[in-house]
Amino acid sequence: MYRPIDTFDLSKHIRKILKNSGFYQRLNLQGYTTSKLSEETALTIEEASQVIEAVCSPKKIPFQTGTKLLENDQTKINRIFTLSLGLDELLNGGIALQQMTEISGTPGIGKTNLCIQLCLAVQLPDFLGGVGGKAIYVDTEGSFSKKRCNEISKGIINKAKELFEKCKKENNSQQNIFSIQNKQKISDENNSIEDVVLDRIIPENTNEENQRTKKITKTKREETEKDENNTKEIEMEIENKKENDDENEKENENENGKKRGENNNILDLQNISNLNERENFINNLNPESFSNNIYYYRILNIYEQLSLNNSLKKILIKDPQIKIIIIDSVSFFLRQSFGDNNWNKYPIVSTYAQTLLKMANTFNVAIVVVNHLTTTIKNDQSELIPSLGKSWSQYPSEKLLLFEQHDYFSSNSKKNRIAYLSKSSIQKKSSCQFHISLSGVD
(Lines give C-alpha, C1' and ligand atoms only; values in the text may rest on other atoms or scores of the structure.)
Protein backbone atom coordinates (compact mmCIF):
# COMPACT_ATOMS: atom_id res chain seq x y z
CA MET A 1 0.00 0.00 0.00
CA TYR A 2 2.72 2.46 0.97
CA ARG A 3 5.12 1.41 -1.78
CA PRO A 4 6.78 4.50 -3.36
CA ILE A 5 6.07 5.32 -6.99
CA ASP A 6 9.81 5.35 -7.74
CA THR A 7 10.01 1.59 -7.10
CA PHE A 8 7.63 0.65 -9.94
CA ASP A 9 8.71 -0.15 -13.50
CA LEU A 10 7.71 3.22 -14.95
CA SER A 11 9.65 5.68 -17.07
CA LYS A 12 11.28 8.70 -15.48
CA HIS A 13 8.89 11.00 -17.39
CA ILE A 14 5.77 9.27 -16.01
CA ARG A 15 7.11 9.18 -12.44
CA LYS A 16 7.86 12.89 -12.59
CA ILE A 17 4.32 13.73 -13.77
CA LEU A 18 2.78 11.56 -11.03
CA LYS A 19 4.82 13.18 -8.26
CA ASN A 20 4.08 16.68 -9.56
CA SER A 21 0.38 15.76 -9.39
CA GLY A 22 0.68 14.55 -5.78
CA PHE A 23 0.94 10.81 -6.36
CA TYR A 24 3.90 9.62 -4.29
CA GLN A 25 2.75 6.19 -3.15
CA ARG A 26 0.62 3.32 -4.38
CA LEU A 27 -2.00 4.30 -1.82
CA ASN A 28 -2.57 7.65 -3.59
CA LEU A 29 -3.73 5.83 -6.76
CA GLN A 30 -6.29 3.61 -5.02
CA GLY A 31 -9.70 3.81 -6.74
CA TYR A 32 -8.44 5.57 -9.86
CA THR A 33 -9.37 4.47 -13.36
CA THR A 34 -7.43 5.15 -16.54
CA SER A 35 -9.68 8.00 -17.69
CA LYS A 36 -9.84 9.62 -14.25
CA LEU A 37 -6.05 9.52 -13.83
CA SER A 38 -5.56 10.99 -17.30
CA GLU A 39 -7.94 13.86 -16.52
CA GLU A 40 -6.23 14.82 -13.24
CA THR A 41 -2.68 14.59 -14.61
CA ALA A 42 -0.84 15.45 -17.81
CA LEU A 43 -0.63 11.77 -18.73
CA THR A 44 -2.07 10.44 -21.98
CA ILE A 45 -4.58 7.59 -21.97
CA GLU A 46 -1.83 5.13 -22.93
CA GLU A 47 0.48 6.38 -20.16
CA ALA A 48 -2.32 6.33 -17.58
CA SER A 49 -3.21 2.77 -18.60
CA GLN A 50 0.44 1.80 -18.15
CA VAL A 51 0.43 3.29 -14.63
CA ILE A 52 -2.78 1.51 -13.60
CA GLU A 53 -1.47 -1.81 -14.91
CA ALA A 54 1.93 -1.47 -13.22
CA VAL A 55 0.76 -0.02 -9.88
CA CYS A 56 -2.82 -1.12 -9.26
CA SER A 57 -2.95 -4.54 -10.95
CA PRO A 58 -1.11 -7.10 -8.81
CA LYS A 59 1.15 -9.40 -10.81
CA LYS A 60 1.32 -13.10 -10.15
CA ILE A 61 4.78 -14.19 -9.07
CA PRO A 62 5.84 -17.26 -11.09
CA PHE A 63 7.04 -20.33 -9.24
CA GLN A 64 8.80 -23.63 -9.95
CA THR A 65 8.77 -26.89 -8.08
CA GLY A 66 11.92 -28.28 -6.50
CA THR A 67 11.90 -31.15 -8.99
CA LYS A 68 11.82 -28.72 -11.91
CA LEU A 69 14.73 -26.73 -10.48
CA LEU A 70 16.74 -29.93 -10.04
CA GLU A 71 16.01 -30.98 -13.63
CA ASN A 72 17.16 -27.59 -14.91
CA ASP A 73 20.39 -27.85 -12.95
CA GLN A 74 21.09 -31.32 -14.33
CA THR A 75 20.25 -30.59 -17.98
CA LYS A 76 21.67 -27.08 -18.40
CA ILE A 77 25.17 -25.69 -18.14
CA ASN A 78 24.68 -23.41 -15.16
CA ARG A 79 28.26 -22.24 -14.60
CA ILE A 80 30.97 -20.41 -16.53
CA PHE A 81 34.35 -21.95 -15.85
CA THR A 82 37.28 -19.65 -15.08
CA LEU A 83 39.86 -21.89 -16.83
CA SER A 84 41.79 -21.99 -13.55
CA LEU A 85 41.66 -25.50 -12.10
CA GLY A 86 41.94 -24.31 -8.51
CA LEU A 87 39.28 -21.61 -8.83
CA ASP A 88 36.88 -23.86 -10.75
CA GLU A 89 37.14 -26.51 -8.05
CA LEU A 90 36.69 -23.88 -5.35
CA LEU A 91 33.57 -22.48 -7.08
CA ASN A 92 32.07 -25.91 -7.88
CA GLY A 93 32.68 -25.54 -11.60
CA GLY A 94 32.95 -21.79 -12.09
CA ILE A 95 30.86 -18.61 -11.88
CA ALA A 96 27.16 -19.38 -11.44
CA LEU A 97 24.51 -18.16 -13.87
CA GLN A 98 21.42 -16.41 -12.44
CA GLN A 99 23.43 -15.31 -9.41
CA MET A 100 25.68 -12.49 -8.27
CA THR A 101 29.31 -13.25 -7.46
CA GLU A 102 31.46 -10.71 -5.62
CA ILE A 103 35.24 -10.57 -6.11
CA SER A 104 37.11 -8.43 -3.61
CA GLY A 105 40.76 -8.05 -2.75
CA THR A 106 43.72 -5.78 -2.27
CA PRO A 107 45.01 -3.62 -5.17
CA GLY A 108 47.10 -5.51 -7.73
CA ILE A 109 46.02 -8.96 -6.55
CA GLY A 110 44.48 -9.95 -9.92
CA LYS A 111 40.80 -8.98 -9.77
CA THR A 112 40.76 -7.32 -13.19
CA ASN A 113 42.81 -10.14 -14.73
CA LEU A 114 40.23 -12.64 -13.52
CA CYS A 115 37.37 -10.51 -14.85
CA ILE A 116 38.99 -10.21 -18.30
CA GLN A 117 39.52 -13.97 -18.36
CA LEU A 118 35.84 -14.52 -17.54
CA CYS A 119 34.87 -12.25 -20.47
CA LEU A 120 36.83 -14.56 -22.74
CA ALA A 121 36.00 -17.92 -21.15
CA VAL A 122 32.26 -17.29 -21.49
CA GLN A 123 32.70 -17.32 -25.28
CA LEU A 124 33.98 -20.91 -25.50
CA PRO A 125 31.48 -23.17 -27.31
CA ASP A 126 29.29 -25.77 -25.69
CA PHE A 127 31.27 -28.74 -27.03
CA LEU A 128 34.16 -27.56 -24.83
CA GLY A 129 31.87 -27.18 -21.82
CA GLY A 130 31.32 -23.44 -22.29
CA VAL A 131 28.13 -21.45 -22.77
CA GLY A 132 29.06 -19.81 -26.09
CA GLY A 133 27.97 -16.35 -24.96
CA LYS A 134 29.03 -12.71 -24.98
CA ALA A 135 30.08 -10.39 -22.16
CA ILE A 136 29.36 -6.89 -20.88
CA TYR A 137 32.27 -5.19 -19.12
CA VAL A 138 31.40 -2.06 -17.10
CA ASP A 139 34.66 -0.27 -16.25
CA THR A 140 34.40 2.43 -13.58
CA GLU A 141 38.12 2.75 -12.84
CA GLY A 142 39.73 2.52 -16.29
CA SER A 143 41.58 -0.67 -15.35
CA PHE A 144 40.57 -2.67 -18.45
CA SER A 145 43.59 -3.19 -20.73
CA LYS A 146 43.21 -4.14 -24.42
CA LYS A 147 46.81 -5.36 -24.46
CA ARG A 148 46.18 -7.60 -21.45
CA CYS A 149 42.99 -8.85 -23.06
CA ASN A 150 44.94 -9.94 -26.17
CA GLU A 151 47.55 -11.70 -24.03
CA ILE A 152 44.94 -13.63 -22.07
CA SER A 153 43.08 -14.42 -25.33
CA LYS A 154 46.17 -16.17 -26.69
CA GLY A 155 46.43 -18.17 -23.46
CA ILE A 156 42.78 -19.19 -23.67
CA ILE A 157 43.17 -20.24 -27.30
CA ASN A 158 46.00 -22.58 -26.27
CA LYS A 159 43.90 -23.93 -23.40
CA ALA A 160 40.96 -24.46 -25.78
CA LYS A 161 43.15 -26.47 -28.15
CA GLU A 162 44.43 -28.61 -25.27
CA LEU A 163 40.88 -29.16 -24.04
CA PHE A 164 39.72 -30.09 -27.54
CA GLU A 165 42.49 -32.67 -27.93
CA LYS A 166 41.60 -34.08 -24.52
CA CYS A 167 37.95 -34.36 -25.57
CA LYS A 168 38.93 -36.24 -28.73
CA LYS A 169 41.11 -38.69 -26.78
CA GLU A 170 38.37 -39.37 -24.25
CA ASN A 171 35.91 -39.84 -27.09
CA ASN A 172 38.24 -42.31 -28.85
CA SER A 173 38.41 -44.38 -25.68
CA GLN A 174 34.60 -44.39 -25.62
CA GLN A 175 34.55 -45.59 -29.24
CA ASN A 176 36.81 -48.50 -28.30
CA ILE A 177 34.33 -49.52 -25.60
CA PHE A 178 31.47 -49.29 -28.11
CA SER A 179 33.45 -51.41 -30.57
CA ILE A 180 33.92 -54.22 -28.02
CA GLN A 181 30.24 -54.15 -27.10
CA ASN A 182 29.26 -54.20 -30.75
CA LYS A 183 31.31 -57.31 -31.57
CA GLN A 184 29.49 -59.15 -28.79
CA LYS A 185 26.07 -58.06 -30.01
CA ILE A 186 26.66 -58.96 -33.65
CA SER A 187 26.88 -62.61 -32.69
CA ASP A 188 23.25 -62.45 -31.68
CA GLU A 189 20.95 -63.16 -34.65
CA ASN A 190 18.15 -60.95 -33.29
CA ASN A 191 19.95 -57.62 -33.31
CA SER A 192 18.19 -54.77 -31.55
CA ILE A 193 18.03 -51.13 -32.64
CA GLU A 194 20.95 -50.34 -30.34
CA ASP A 195 23.06 -52.90 -32.23
CA VAL A 196 22.30 -51.13 -35.50
CA VAL A 197 23.21 -47.75 -34.00
CA LEU A 198 26.54 -49.03 -32.74
CA ASP A 199 27.15 -50.77 -36.07
CA ARG A 200 26.77 -47.45 -37.88
CA ILE A 201 29.01 -45.59 -35.43
CA ILE A 202 31.88 -48.07 -35.71
CA PRO A 203 32.89 -48.64 -39.32
CA GLU A 204 35.08 -51.68 -38.48
CA ASN A 205 32.09 -54.03 -38.18
CA THR A 206 30.63 -52.86 -41.47
CA ASN A 207 33.82 -53.98 -43.21
CA GLU A 208 33.63 -57.38 -41.50
CA GLU A 209 30.07 -57.85 -42.61
CA ASN A 210 30.92 -56.88 -46.17
CA GLN A 211 33.73 -59.48 -46.17
CA ARG A 212 31.36 -62.10 -44.83
CA THR A 213 28.83 -61.22 -47.55
CA LYS A 214 31.52 -61.58 -50.19
CA LYS A 215 32.45 -65.05 -48.86
CA ILE A 216 28.84 -66.16 -49.01
CA THR A 217 28.56 -64.80 -52.53
CA LYS A 218 31.73 -66.59 -53.62
CA THR A 219 30.50 -69.90 -52.15
CA LYS A 220 27.19 -69.63 -53.90
CA ARG A 221 28.87 -68.86 -57.18
CA GLU A 222 31.17 -71.91 -56.86
CA GLU A 223 28.19 -74.16 -56.18
CA THR A 224 26.34 -72.92 -59.26
CA GLU A 225 29.22 -72.74 -61.78
CA LYS A 226 27.81 -75.69 -63.75
CA ASP A 227 24.50 -74.04 -64.27
CA GLU A 228 25.00 -70.65 -65.93
CA ASN A 229 21.36 -69.72 -65.73
CA ASN A 230 21.21 -70.37 -62.01
CA THR A 231 24.41 -68.42 -61.52
CA LYS A 232 22.95 -65.36 -63.22
CA GLU A 233 19.83 -65.55 -61.09
CA ILE A 234 21.86 -65.80 -57.88
CA GLU A 235 24.04 -62.87 -58.92
CA MET A 236 20.95 -60.78 -59.57
CA GLU A 237 19.59 -61.67 -56.15
CA ILE A 238 22.87 -60.73 -54.50
CA GLU A 239 23.01 -57.37 -56.31
CA ASN A 240 19.43 -56.58 -55.28
CA LYS A 241 20.24 -57.54 -51.71
CA LYS A 242 23.24 -55.23 -51.70
CA GLU A 243 21.18 -52.35 -53.03
CA ASN A 244 18.57 -52.90 -50.32
CA ASP A 245 21.28 -53.12 -47.68
CA ASP A 246 22.83 -49.86 -48.90
CA GLU A 247 19.46 -48.10 -48.73
CA ASN A 248 18.79 -49.45 -45.23
CA GLU A 249 22.25 -48.40 -44.16
CA LYS A 250 21.68 -44.83 -45.36
CA GLU A 251 18.34 -44.67 -43.56
CA ASN A 252 19.93 -45.93 -40.34
CA GLU A 253 22.75 -43.42 -40.64
CA ASN A 254 20.23 -40.59 -41.02
CA GLU A 255 18.27 -41.78 -38.00
CA ASN A 256 21.44 -42.11 -35.93
CA GLY A 257 22.56 -38.65 -37.00
CA LYS A 258 19.28 -37.23 -35.73
CA LYS A 259 19.64 -39.08 -32.44
CA ARG A 260 23.16 -37.81 -31.96
CA GLY A 261 21.94 -34.29 -32.71
CA GLU A 262 19.25 -34.60 -30.05
CA ASN A 263 21.63 -36.05 -27.44
CA ASN A 264 24.27 -33.34 -27.87
CA ASN A 265 27.08 -34.07 -25.44
CA ILE A 266 30.24 -31.99 -25.03
CA LEU A 267 32.29 -35.12 -25.80
CA ASP A 268 30.03 -36.34 -28.62
CA LEU A 269 32.51 -35.93 -31.49
CA GLN A 270 31.54 -39.10 -33.35
CA ASN A 271 30.09 -37.25 -36.33
CA ILE A 272 33.12 -36.90 -38.60
CA SER A 273 31.84 -33.83 -40.44
CA ASN A 274 30.94 -32.20 -37.14
CA LEU A 275 34.37 -33.02 -35.79
CA ASN A 276 36.00 -31.30 -38.76
CA GLU A 277 33.85 -28.23 -38.24
CA ARG A 278 34.81 -28.08 -34.59
CA GLU A 279 38.49 -28.54 -35.39
CA ASN A 280 38.32 -25.71 -37.93
CA PHE A 281 36.59 -23.54 -35.35
CA ILE A 282 39.38 -24.14 -32.83
CA ASN A 283 42.12 -23.53 -35.41
CA ASN A 284 40.54 -20.25 -36.55
CA LEU A 285 40.32 -18.74 -33.08
CA ASN A 286 42.16 -15.43 -32.72
CA PRO A 287 42.26 -12.59 -30.15
CA GLU A 288 40.24 -10.30 -32.41
CA SER A 289 37.32 -12.75 -32.54
CA PHE A 290 37.21 -12.73 -28.73
CA SER A 291 37.33 -8.93 -28.49
CA ASN A 292 34.37 -8.54 -30.86
CA ASN A 293 32.09 -10.29 -28.36
CA ILE A 294 32.82 -7.95 -25.43
CA TYR A 295 30.59 -4.91 -24.89
CA TYR A 296 32.83 -2.41 -23.09
CA TYR A 297 31.38 0.57 -21.19
CA ARG A 298 33.65 3.22 -19.65
CA ILE A 299 31.77 4.88 -16.79
CA LEU A 300 32.92 8.33 -15.58
CA ASN A 301 30.53 9.15 -12.71
CA ILE A 302 27.83 7.76 -10.44
CA TYR A 303 25.03 9.06 -12.70
CA GLU A 304 26.32 7.13 -15.71
CA GLN A 305 26.66 4.03 -13.55
CA LEU A 306 23.06 4.18 -12.34
CA SER A 307 21.75 5.08 -15.80
CA LEU A 308 23.55 2.15 -17.43
CA ASN A 309 22.25 -0.19 -14.76
CA ASN A 310 18.70 0.77 -15.71
CA SER A 311 19.48 0.35 -19.43
CA LEU A 312 21.01 -3.12 -19.19
CA LYS A 313 17.59 -4.74 -19.53
CA LYS A 314 17.14 -3.30 -23.04
CA ILE A 315 20.66 -4.40 -23.99
CA LEU A 316 19.97 -7.97 -22.84
CA ILE A 317 16.69 -8.08 -24.76
CA LYS A 318 18.46 -6.85 -27.91
CA ASP A 319 21.26 -9.44 -27.63
CA PRO A 320 20.19 -12.62 -25.80
CA GLN A 321 23.66 -14.16 -26.32
CA ILE A 322 25.06 -12.08 -23.45
CA LYS A 323 25.76 -14.45 -20.56
CA ILE A 324 27.87 -12.43 -18.12
CA ILE A 325 27.88 -8.85 -16.82
CA ILE A 326 31.03 -7.67 -15.06
CA ILE A 327 31.15 -4.42 -13.06
CA ASP A 328 34.71 -3.40 -12.19
CA SER A 329 34.23 -1.97 -9.70
CA VAL A 330 30.78 -1.58 -8.22
CA SER A 331 31.96 0.47 -5.23
CA PHE A 332 34.26 3.07 -6.82
CA PHE A 333 31.73 5.86 -7.46
CA LEU A 334 29.36 4.76 -4.68
CA ARG A 335 32.09 5.28 -2.08
CA GLN A 336 33.05 8.62 -3.63
CA SER A 337 29.46 9.85 -3.55
CA PHE A 338 28.27 8.53 -0.19
CA GLY A 339 31.37 7.64 1.81
CA ASP A 340 31.93 4.49 3.85
CA ASN A 341 29.59 5.12 6.78
CA ASN A 342 25.92 4.26 7.35
CA TRP A 343 25.29 2.40 4.11
CA ASN A 344 22.02 1.09 5.52
CA LYS A 345 20.60 4.60 5.26
CA TYR A 346 20.96 4.66 1.49
CA PRO A 347 18.31 2.63 -0.38
CA ILE A 348 20.22 3.26 -3.60
CA VAL A 349 22.54 0.34 -2.78
CA SER A 350 19.65 -2.09 -2.30
CA THR A 351 17.85 -0.86 -5.43
CA TYR A 352 21.03 -1.20 -7.48
CA ALA A 353 21.62 -4.77 -6.30
CA GLN A 354 17.98 -5.81 -6.73
CA THR A 355 17.99 -4.57 -10.33
CA LEU A 356 21.07 -6.68 -11.10
CA LEU A 357 19.61 -9.80 -9.47
CA LYS A 358 16.34 -9.42 -11.35
CA MET A 359 18.22 -9.29 -14.66
CA ALA A 360 20.32 -12.30 -13.67
CA ASN A 361 17.20 -14.43 -13.09
CA THR A 362 15.19 -13.10 -16.03
CA PHE A 363 17.88 -13.40 -18.70
CA ASN A 364 19.93 -16.31 -17.28
CA VAL A 365 23.17 -14.33 -16.98
CA ALA A 366 25.95 -14.26 -14.40
CA ILE A 367 26.60 -11.02 -12.50
CA VAL A 368 30.18 -10.47 -11.35
CA VAL A 369 30.94 -7.39 -9.25
CA VAL A 370 34.36 -6.24 -8.07
CA ASN A 371 34.40 -4.64 -4.63
CA HIS A 372 36.99 -2.68 -2.68
CA LEU A 373 38.21 -3.55 0.78
CA THR A 374 37.76 -1.30 3.75
CA THR A 375 39.06 -1.41 7.33
CA THR A 376 36.84 -2.18 10.28
CA ILE A 377 37.70 -2.41 13.99
CA LYS A 378 36.69 -5.51 15.96
CA ASN A 379 37.86 -6.17 19.52
CA ASP A 380 40.50 -3.42 19.20
CA GLN A 381 41.90 -5.07 16.07
CA SER A 382 41.67 -3.90 12.48
CA GLU A 383 40.23 -6.16 9.82
CA LEU A 384 39.84 -5.81 6.04
CA ILE A 385 36.31 -6.49 4.78
CA PRO A 386 34.46 -5.72 1.52
CA SER A 387 32.99 -2.23 1.39
CA LEU A 388 29.36 -1.05 0.95
CA GLY A 389 28.29 -2.40 4.34
CA LYS A 390 25.96 -5.15 5.51
CA SER A 391 23.06 -3.99 3.33
CA TRP A 392 25.10 -4.95 0.28
CA SER A 393 26.71 -8.12 1.63
CA GLN A 394 23.42 -10.07 1.60
CA TYR A 395 22.96 -9.84 -2.18
CA PRO A 396 25.97 -11.76 -3.61
CA SER A 397 25.33 -15.51 -3.49
CA GLU A 398 29.07 -16.23 -3.62
CA LYS A 399 31.90 -14.06 -2.34
CA LEU A 400 35.52 -14.55 -3.34
CA LEU A 401 38.28 -12.79 -1.40
CA LEU A 402 41.72 -12.51 -3.03
CA PHE A 403 44.80 -11.75 -0.95
CA GLU A 404 48.52 -12.45 -0.63
CA GLN A 405 50.09 -14.73 1.95
CA HIS A 406 53.77 -14.98 2.81
CA ASP A 407 55.43 -18.34 2.28
CA TYR A 408 57.82 -18.36 5.25
CA PHE A 409 59.13 -21.81 4.33
CA SER A 410 60.49 -20.54 1.03
CA SER A 411 64.12 -19.38 0.84
CA ASN A 412 63.17 -16.01 -0.70
CA SER A 413 59.99 -15.64 1.41
CA LYS A 414 57.78 -15.22 -1.67
CA LYS A 415 54.11 -14.29 -1.54
CA ASN A 416 51.41 -16.71 -2.64
CA ARG A 417 48.14 -15.51 -4.13
CA ILE A 418 45.20 -17.01 -2.24
CA ALA A 419 41.51 -17.12 -3.21
CA TYR A 420 39.18 -17.60 -0.24
CA LEU A 421 35.51 -18.52 -0.71
CA SER A 422 33.92 -16.67 2.20
CA LYS A 423 30.28 -17.21 1.20
CA SER A 424 28.47 -19.82 -0.88
CA SER A 425 25.08 -21.52 -0.83
CA ILE A 426 26.43 -24.93 -1.89
CA GLN A 427 30.15 -24.95 -1.06
CA LYS A 428 31.86 -24.86 2.31
CA LYS A 429 34.34 -22.10 3.12
CA SER A 430 37.70 -23.01 1.64
CA SER A 431 40.65 -21.56 -0.24
CA CYS A 432 43.11 -22.31 -3.03
CA GLN A 433 46.23 -20.87 -4.59
CA PHE A 434 46.23 -19.17 -7.98
CA HIS A 435 48.90 -17.62 -10.18
CA ILE A 436 48.99 -14.69 -12.60
CA SER A 437 51.01 -15.28 -15.75
CA LEU A 438 51.25 -13.79 -19.22
CA SER A 439 48.50 -16.16 -20.40
CA GLY A 440 46.09 -15.21 -17.59
CA VAL A 441 44.96 -16.67 -14.29
CA ASP A 442 46.08 -20.25 -13.64
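**Notebook: a helix pair, a loop residue and confidence**

I started with two helices: the axes of H13 (residues 302-318) and H15 (residues 347-363) come within 11 Å and cross at roughly 10°. That makes H13 roughly parallel to H15, a label for angles under 35 degrees. Axes here are lines fitted to C-alpha atoms over the stretch in contact, with angles from 0 to 180 degrees between N-to-C directions. Helices are DSSP runs (H or I, at least four residues) and strands are E runs of at least two, numbered from the N terminus.

Next I looked up who meets whom, with contact meaning heavy atoms within 4.5 Å. On the H13 side I found Leu306, Leu312 and Leu316 among the residues that meet H15, whose own set includes Tyr352, Leu356 and Phe363.

A note on the source: this is a predicted model, where local features need pLDDT of at least 70 and side-chain atom pairs count only at pLDDT 80 or more, while totals for chains, interfaces and linings use all residues. Residues are numbered from 1 along each chain as its sequence is written, and side-chain values use heavy atoms, leaving out hydrogens and water.

Then I turned to Thr106, in the loop between strand E3 (100-105) and helix H6 (111-121). Thr106 counts as partly exposed because its relative accessibility is 26% (between 20% and 50%, 1.4 Å probe, protein chains only). His372 is 266 residues away from Thr106 in sequence, yet their C-alpha atoms are 7.4 Å apart.

Last, I checked pLDDT, the predictor's confidence in each residue from 0 to 100. The protein's mean is 77, and 71% of its residues reach 70 or more.

Terms used
Angles under 35 degrees count as roughly parallel, over 145 as roughly antiparallel, 65 to 115 as roughly perpendicular and the rest as oblique.
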